[in-house]
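Here's a walk through the strands of this model and the charged side chains that link some of them. Keep the 3D view open as you read.

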Amino acid sequence: MERANSQFVTKIFFLLLLVIFSYQSFAQQQSTPLESKSDFWDNVQFGGGIGFSAGSGYTDLTLAPSAIYNFNEYFSAGVSLLGTYVSSKNYYNSLHYGGSLVTLFNPIEEIQLSIELEQIRVNNEYKSIGGNFKDNFWNTGLFLGAGYRTGSVTIGARYNLLYTRDKNVYNEAFMPFVRVFF
């Protein structure tokens with residue numbers, strides 16, 4: 001089953017790359033010698049997310065920087081990194097790190113559709129009366145999302161097509177998101 005998931009993820013990854021590079025080849029503009037200045041950085045946006053929560057013996061810290069390239073007003077693609085540390089005193093510690101490839105499509109200014117391929121390493125350590133144990137694994141997610149966009153902020157939800165209940169870093173396949181790019 002895991003081999004089938006791995007092959008599926010590999011196929012989706014190469015399909016996304018094919019779409020990105022095919023679309024870019026059609027979007028090329030002819031330039032004259034006087035227009036040799038690259039406008040690459042004019043089309044790049046940075047963003048991401050920061051999360052922090054703390055309580056009685058509990059800490060949760062997340063950093064998730066992202067960068068996308070806007071091919072035009074409808075289509076963008078980019079990468080994201082993710083790092084999360086969670087600790088519950090005398091119960092568990094967890095460290096997640098990884099990255100993702102994201103493709104964004106804006107059919108109209110207010111709507112944003114997304115496909116995101118995410119790969120995260122999960123390192124969990126549980127503490128109990130019976131002894132401590134570790135659960136370390138790689139988690140792959142393929143998310144389809146939709147959201148309402150206003151300015152540089154998009155609020156929406158995404159669904160993990162590769163979600164499995166027994167080995168997953170997320171509690172549910174369906175989850176809300178807030179995406180910000182400047």
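G49 has A64 in β2 as its bridge partner. That contact belongs to the pairing of β1 and β2, which is antiparallel and runs over 12 bridges. Strands here are DSSP runs of E, at least two residues long, numbered from the N terminus, and two of them count as paired if DSSP finds at least two bridges between them.

At the hairpin of β1 and β2, two residues sit between the strands, and G57 takes a positive phi near 75 degrees.

A word on the ground rules: this is a predicted model, where local features need pLDDT of at least 70 and side-chain atom pairs count only at pLDDT 80 or more, while totals for chains, interfaces and linings use all residues. Residues are numbered from 1 along each chain as its sequence is written, and side-chain values use heavy atoms, with hydrogens and water left out.

## The whole sheet

Now follow β2 the other way. Strand β2 (residues 58-70) is joined to strand β3 (residues 75-88) by 11 bridges, again antiparallel, and S66 stands opposite S80 in β3.

Zoom out and you get eight strands in an open, antiparallel sheet, ordered β1-β2-β3-β4-β5-β6-β7-β8. The edges belong to β1 (44-55) and β8 (174-180); each has a single partner strand, so one side of each lacks a neighbour in the sheet. On average, neighbouring strands of this sheet are turned by 20 degrees against each other, direction ignored (axes are lines fitted to C-alpha atoms, for helices over the stretch in contact, and angles run from 0 to 180 degrees between N-to-C directions).

How many salt bridges does the structure hold? There are two, counting a side-chain nitrogen of Lys or Arg within 4 Å of a carboxyl oxygen of Asp or Glu. One pairs E116 with R158, with the closest N and O atoms 2.9 Å apart. E116 is in strand β5 (residues 111-126) and R158 is in strand β7 (residues 153-160), so this pair ties together parts 42 residues apart in sequence.

E118 and R158 make a salt bridge too, at 4.0 Å from N to O. This pair also links distant parts of the chain, with E118 in strand β5 and R158 in strand β7, 40 residues apart. Put together, E116, E118 and R158 form a salt-bridge network.

Are these side chains buried or exposed? E116 is buried at 10% relative accessible area, and R158 is buried at 12%. E118 is buried as well. Buried means under 20% relative accessible area, exposed over 50%, and partly exposed in between (1.4 Å probe, protein chains only).

Methods
Helix = DSSP H or I, 4+ residues; strand = E, 2+ residues; numbered from the N terminus.
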